[in-house]
Amino acid sequence: MKFVSLFILTIALLLGIAGTTQAQYPKRTDGVWARTAPAGSIKMDGVLNEPEWAKAESLKVVYGVPGQLPTSGYRSEFNPDLAKDSTRATVKFLFCDGYLYLGFEIPDSSIGGSVDWARWDGIIMSIKNKLSKDRPIAPIELSYLWWYANVPQYVKPGCPPRFIGNEYGDYNDTTRTDAQRAVWDAVTIVHGLSNDDTNPDTGWTVEMRIKLSAMGYTPTAPQGDIVEFNFSIWDCDNAWGTDASRINTTRTHFQSPWGNNNSNNTGRIYVSPDVTTATAVLPDVQPDVVIPSAGSAKLPTIDGKLTEDVWKGAYSFDIAWADSNVRKTYPGIGPYISGQYQPQLYGNPISPVLDPSFATVKMFFKDHYLYLGADVKDMLVQGTEVFDKTDGIMFNIGHRTSLNAENVMTFLKVRVSYDATGKAAAYDYLPGLVDSSAAIWASAIKGGTTVNNNSDIDSGYSVEMRLDLTKLGYPSDLGDKLLFMGVVLSDGDSFDDSLANYGTRTWWFREHDGGPACAWMVMDPTKVISDVKDASRISIPSGIELVGNYPNPFNPTTNISFKMPFNGDASLRVFTTLGEEVFKTTLTGLHAGLNEYKFNPAGMASGVYFYQVTSLGRGESGTMKSNVAKMLLMK
């Protein structure tokens with residue numbers, strides 16, 4: 001029992017879950033364990049007859065049946081009425097000798113492919129590349145198909161599927177190098193004869209392996225790793241008979257149907273050296289986020305100001321442009337799948353971001369209502385109808401009973417942005433929710449802020465919202481209490497020199513209604529926000545949290561507020577926009593909870609500065625750093 005407890009704590013930390021709570025939440029279906037098998041125990045021959053495969057965790061992938069939450073699904077490419085022998089596959093997962101092993105058992109009566117689009121059987125996969133410097137990290141497509149475009153000479157009865165995918169397979173040839181096979185390889189056994197419908201086939205078996213270190217994963221590290229992986233199984237039938245009208249193709253997928261982009265969602269494959277084929281009970285993977293209930297706390301007046309005590313106990317996180325420290329605080333795969341984007345405006349060159357976006361997002365629930373808030377810091381607030389230049393916040397929320405063309409959960413873009421008149425306005429799906437009495441919202445500009453006025457320094461704005469979840473497919477008791485979401489912060493800045501204008505988008509998990517991922521969240525009625533007068537002071541965070549500085553802009557001093565997870569000492573450092581350190585001091589005798597330091601920037605010139613608080617390792621959890629915040633000195 002001691003081993004299990006320590007292991008679950010390790011996994012909780014890996015997934016970014018504070019504490020060691022073992023609440024019984026609904027089992028996550030967006031991921032699966034790949035148990036570690038003994039070294040040398042798997043021979044890749046396409047048979048799957050080793051004892052370890054019998055102990056492997058598996059997924060059922062069935063066409064026409066609702067897939068694993070939140071975004072597994074299916075779709076017919078053409079002739080859906082003829083899909084009589086559609087996909088009903090079993091997929092197994094193991095980790096052995098540095099490789100993720102995949103075993104596919106796919107019953108099928110008509111197996112093969114052609115040179116034509118979607119006239120094939122096969123598997124399209126995406127594994128996210130953790131070596132990528134992009135955020136979100138880039139996908140690597142691995143396609144294993146009976147699709148012989150560009151090489152029609154290989155299409156014949158009995159031919160195998162081919163490897164297509166980035167540097168590990170050639171679209172114009174079927175030959176492969178030893179280096180390619182060392183990273184990704186597979187063996188397939190067809191139970192019948194491919195590309196021949198004279199006699200029915202019975203199915204095909206694939207034994208595949210992917211070298212995880214080549215994609216930046218460290219599954220043998222003590223804490224293990226989460227492999228970001230999804231796949232779709234394509235099934236074409238009757239392509240090799242005499243009646244072309246009977247040809248049909250379907251695809252059935254786990255979390256996302258495509259391999260070459262970050263669409264829909266990312267499947268999580270959990271790997272750890274401590275979870276083996278001998279492990280009796282698998283650890284439960286906790287939710288990415290547990291949203292608290294308001295309990296008996298006084299509910300807020302929806303005025304956009306976020307001043308009520310209940311907001312101080314809400315679940316919260318930060319969104320910040322180009323801030324890797326902020327992303328590192330996100331749970332699970334959040335640091336890798338959350339991202340940012342700066343579009344090129346009207347053919348102008350990409351301009352430097354002079355005022356990076358920053359917001360703190362908050363959420364809690366009460367009964368069947370979800371409360372959402374955003375506190376946005378922005379020194380130049382502007383309004384426009386041009387999406388790539390707007391200022392605003394967007395919540396991408398899964399509708400629990402609405403399905404799209406892929407038969408997966410529809411995500412609704414619920415956005416508040418400032419319009420060309422300088423007023424906050426509802427966009428995308430939010431106006432419809434308001435009209436149906438499913439949503440009320442408000443926005444408030446902070447003191448000193450004037451929208452569309454470049455001659456002053458703004459402080460930002462805040463947004464407050466209440467959503468009736470019964471209008472988003474939930475029963476009145478919220479059913480399984482699951483919520484799937486992502487949040488986007490948009491920030492456009494314009495200047496007298498139009499070539500310096502820019503717009504940015506920074507997101508937590510999900511950028512829009514199509515992807516790239518979503519957080520697995522649970523609304524827990526037993527996790528209750530206390531009805532206290534000063535929740536910010538007595539609440540103890542899991543890390544160092546910057547509350548902000550006031551006033552901002554300031555002259556001559558400003559009060560910097562931050563929260564500590566333990567008693568101890570810390571350092572405060574201040575940097576220029578170029579990263580030059582211009583101030584550092586030691587803060588002693590700090591206590592767990594809210595602390596404050598009066599900053600006097602003697603000798604410093606007017607301008608934008610950034611600050612960060614770092615513990616000095618005397619507390620219970622060793623050295624840790626806060627996120628980075630900005631302030632404006634005006635002399």
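In which loop does Leu306 lie? Leu306 lies in the loop between β15 (289–293) and α4 (309–312), where helices (H or I, at least four residues) and strands (E, at least two) are DSSP runs, numbered from the N terminus.

The model is predicted, so that local features need pLDDT of at least 70 and side-chain atom pairs count only at pLDDT 80 or more, while totals for chains, interfaces and linings use all residues. Residues are numbered from 1 along each chain as its sequence is written, and side-chain values use heavy atoms, with hydrogens and water left out.

Leu306 is buried, with a relative accessible area of 14%, whereas Asn407 is partly exposed, at 23%; buried means under 20% relative accessible area, exposed over 50%, and partly exposed in between (1.4 Å probe, protein chains only). The backbone phi values of these two non-glycine residues are positive, as tabulated here.

| Residue | Phi |
|---|---|
| Leu306 | near 55° |
| Asn407 | near 60° |

Asn407 is found in the loop between β20 (392–403) and β21 (409–418).

Cis peptide bonds join Arg135 to Pro136, with omega about 10°, and Asn555 to Pro556, also with omega about 10°. Pro136 belongs to the loop between β7 (122–128) and β8 (139–145), and Pro556 to the loop between β30 (545–550) and β31 (558–564).

Arg162, in strand β9 (residues 162–164), has a side chain of which a polar atom lies 3.0 Å from the backbone oxygen of Ala149, and a polar atom of the Arg162 side chain lies 2.9 Å from the backbone oxygen of Asp170.

Key. A polar contact is a pair of N or O atoms within 3.5 Å; within protein, one must be able to donate a hydrogen and the other to accept it, and residues adjacent in sequence count only if both atoms are side-chain atoms.
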